[in-house]
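These are my notebook entries on a structure that I looked up today. I set down the pocket, the domains and a few single residues in turn.

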Amino acid sequence: MDLNTISSYRHAHTRDDLALAPGERIVAGGTWFFSEPQVDATGVVDITGMGWSDVEDLPDGGLRVAATCPVATLASLPERPEWRAQPLFFQCATALLASFKIWNVATVGGNICRSFAAASMVSLAVALDAEALIWPPTGGERRVPVAELVTGNGTNTLGPAEVLRAIDFPGYALRARTGMRKIALAELGRSGAVVTGRVDEDGTAVFGITAATGWPTVLRYPTLPDAEVLRADIDSAPGYYTDPLGSADWRRAVSAVLADEIRAELAADPGRGW
């Protein structure tokens, strides 16, 4: 895409470089930004030169993923036996409708910042209680669960000139048992519903619904719920929407079916070894 409104392109190397001039926009992979007209943008600030490590271990056994980490890098991390939830990295990445070329350029942070309903990295972050580490332009930092960062299909709570620095996945969630399902109306179509389920070491159960709802839906239970309770909660959840890729009623119905499959899968695995 020729962006004929763009007159400047610069690389950020320090936090001071993230101060934006009027009309400047921040990009990492840029796979969305360069795919369609950006009539309100006049300059680009590329943050891939900030020198952030793609991934870093956290003290609690969790994982920090830089906003500039390519989706392909996260999906192909070496296996860590203590992270029972690690298969979700690849599983959720496959919910991104993209070629291998996009996988290797698109970034985890960029996918989350776009905040589309079917954003695969939002699905992953919601499934594992990930927090967004955000740099405000005035200095310091703030944190917010990714499930609360995204407010609608393409909208979020990021303020002007705020930068997503990293996504932190807590250790307790990475050690959990998990399941994931997705569905689309076409074999290679955008996801119409992505459902994840997780059972933590203390027995707490968490189900996440994305793509089917305009913003993430998170259902939490002290123990794995029975089928009737789970279905009722999914049926009554707000935010199901209709577009050319699926009706609201269809998204609601398939979300309930997929969640019950995950519930049964998790119930059949009692978590031996915990």
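Entry 1: I began with the composition of the lining of the largest pocket: 26 residues are nonpolar, 15 polar and 6 charged. In this count Ala, Val, Leu, Ile, Met, Phe, Trp, Tyr, Cys and Pro are nonpolar, Asp, Glu, Lys and Arg are charged, and the others, Gly among them, are polar. I note that the model is predicted, that local features need pLDDT of at least 70 and side-chain atom pairs pLDDT 80 or more, while totals for chains, interfaces and linings use all residues. Residues are numbered from 1 along each chain as its sequence is written, and side-chain values use heavy atoms, with hydrogens and water left out.

I then looked up the extent of the largest pocket and found a volume of about 1300 Å³. A pocket here is an open set of points on a 1 Å grid over the protein atoms alone, where a 1.4 Å probe fits, with protein on both sides within 12 Å along at least five of seven lines; lining residues have an atom within 4 Å of a point. Grid points are joined across faces, edges and corners, and the volume is the space filled by probe spheres set on them.

Which residues lie nearest the centre of the largest pocket? I find Trp 32, Gly 110, Asn 111, Cys 113 and Arg 114, out of 47 lining residues. Two or more lining residues come from each of β2 (24-27), α4 (108-114) and β10 (163-169). Helix α4 gives the most, with 5 residues. Helices (H or I, at least four residues) and strands (E, at least two) are DSSP runs, numbered from the N terminus.

**Entry 2: domains.** The assignment for the protein chain lists domain 1 (8-46), domain 2 (55-172) and domain 3 (176-268); such bounds come from an automatic or database domain assignment. Why does the largest pocket lie between domain 1 and domain 2? Both of these domains give residues to its lining, so I place the pocket between them. I also recorded 35 Å between the C-alpha centres of domain 1 and domain 3.

Entry 3: Buried means under 20% relative accessible area, exposed over 50%, and partly exposed in between (1.4 Å probe, protein chains only). Among the buried residues of α5 are Met 121, Leu 124 and Val 126.

In the loop between α4 and α5 I looked up Ser 115, a residue other than glycine with a positive phi near 60 degrees. Ser 115 is buried, at 0% relative accessible area. Just after α5, Asp 129 takes a positive phi of about 55 degrees. Asp 129 belongs to the loop between α5 and β6 (131-135) and is buried at 15%.

**Entry 4: two loop residues.** Is Glu 162 buried or exposed? At 17% relative accessibility, I count Glu 162 as buried; it sits in the loop between β9 (155-156) and β10. Its side chain makes a polar contact (a pair of N or O atoms within 3.5 Å, one able to donate a hydrogen and the other to accept it; residues adjacent in sequence count only if both atoms are side-chain atoms) with the side chain of Arg 142, at 2.7 Å. Leaving out residues up to four places away in sequence, Glu 162 touches Ile 134, Trp 135, Pro 136, Pro 137, Arg 142 and Thr 157, where contact means heavy atoms within 4.5 Å.

Asp 16, in the loop between β1 (8-11) and β2, is exposed at 68% relative accessibility. From Asp 16 to Thr 48 I noted 15 Å, C-alpha to C-alpha, across 32 residues in sequence.
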